[in-house]
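Please open the structure in your viewer and keep the selection tool at hand.

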Amino acid sequence: MDCIFCKIIEGTIPSSKVYESEHVLAFKDIQPAAPVHILIIPKKHIPTMNEVADEDDAVIAELFSAARHIAREQGVAEAGYRLINNVNSDGGQVVYHLHLHLLGGSKLGPLLADKLS
Ligand code: AMP
Ligand code: ZN
């Protein structure tokens, strides 16, 4: 499958891994948008949030438990951080393998860079 995140899971593309559990992998974003910018992905190839099935409930729960663990480990849990899941074109999704962005380490500012007028 021609998916960059699946290749990271397979190990054929390198990554800076920060966390791994049975169904989840997390690694540093190659173009960080904040001092802490980690991508948290399921090992199962799910293209977007729209394709998450009922049978994936445990995987989704594991994504969020990974986020809690990583936030503590990266030292941003108390100061705060943001989790983002971009979906499809309007959401700005570029890589079509479900992922959470964990961003922190500084004040992140308003939710959207360009608000609708
Ligand atoms: P999204 O726009 O939500 O699909 O975000 C995709 C993210 O993947 C972007 O923030 C990219 O910087 C990041 N990314 C793309 N390729 C890699 C890679 N090989 N290693 C780490 N992060 C990557
Ligand atoms: Zn994939």
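**First stop: the shell around ligand 1**

Select ligand 1 together with the residues around it: this shell divides into eight nonpolar, six polar and two charged residues. In this classification Ala, Val, Leu, Ile, Met, Phe, Trp, Tyr, Cys and Pro count as nonpolar, Asp, Glu, Lys and Arg as charged, and the others, Gly among them, as polar. The model is a predicted one, in which local features need pLDDT of at least 70 and side-chain atom pairs count only at pLDDT 80 or more, whereas totals for chains, interfaces and linings use all residues. Residues are numbered from 1 along each chain as its sequence is written, chains are lettered from A and ligands numbered from 1 in the order in which they are written, and side-chain values use heavy atoms, with hydrogens and water left out.

Next, highlight Asp29, Val94, Val95, His99 and His101, which come nearest of the 16 residues around ligand 1. A residue is near a molecule if one of its heavy atoms lies within 4 Å of it.

Now display the polar contacts (pairs of N or O atoms within 3.5 Å; within protein, one must be able to donate a hydrogen and the other to accept it, and residues adjacent in sequence count only if both atoms are side-chain atoms).
- Asp29 places a polar side-chain atom 2.5 Å from an oxygen atom of ligand 1.
- Ile30 has a polar backbone atom 3.1 Å from a nitrogen atom of ligand 1.
- Gly92 has a backbone N or O atom 3.0 Å from an oxygen atom of ligand 1.

On its own, ligand 1 has 510 Å² of accessible area, of which the protein covers 85%. Accessible areas come from the Shrake-Rupley method with a 1.4 Å probe; for residues, only the protein chains shown count as cover.

**Second stop: helix H1 and strand E2**

Which elements each supply at least two residues of the shell around ligand 1? Select helix H1 (4–10) and strand E2 (24–28) to see them. Helices (H or I, at least four residues) and strands (E, at least two) are DSSP runs, numbered from the N terminus. The largest share of the shell, three residues, comes from H1.

Within these elements, show the rings of Phe5 and Phe27. They form an edge-to-face aromatic pair, 5.4 Å centre to centre with 80 degrees between the planes. Rings of Phe, Tyr and Trp (its six-membered ring) pair if their centres lie within 6.5 Å; planes under 30 degrees apart count as stacked, over 60 as edge-to-face and the rest as tilted. Phe5 lies in helix H1 and Phe27 in strand E2, so the pair ties together parts that are 22 residues apart in sequence. Both Phe5 and Phe27 are buried; buried means under 20% relative accessible area, exposed over 50%, and partly exposed in between (1.4 Å probe, protein chains only).

Select Thr48, in the loop between strand E3 (36–42) and helix H2 (57–73). Is Thr48 buried or exposed? At 3% relative accessibility, Thr48 counts as buried. The side chain of Thr48 makes a polar contact of 2.7 Å with the side chain of Glu51, and a polar atom of the Thr48 side chain lies 2.9 Å from the backbone nitrogen of Asn50.

Then move to Asn88, in helix H3 (residues 88–91). The phi of Asn88 is near 55 degrees, a positive value in a residue other than glycine.

**Last stop: the whole protein**
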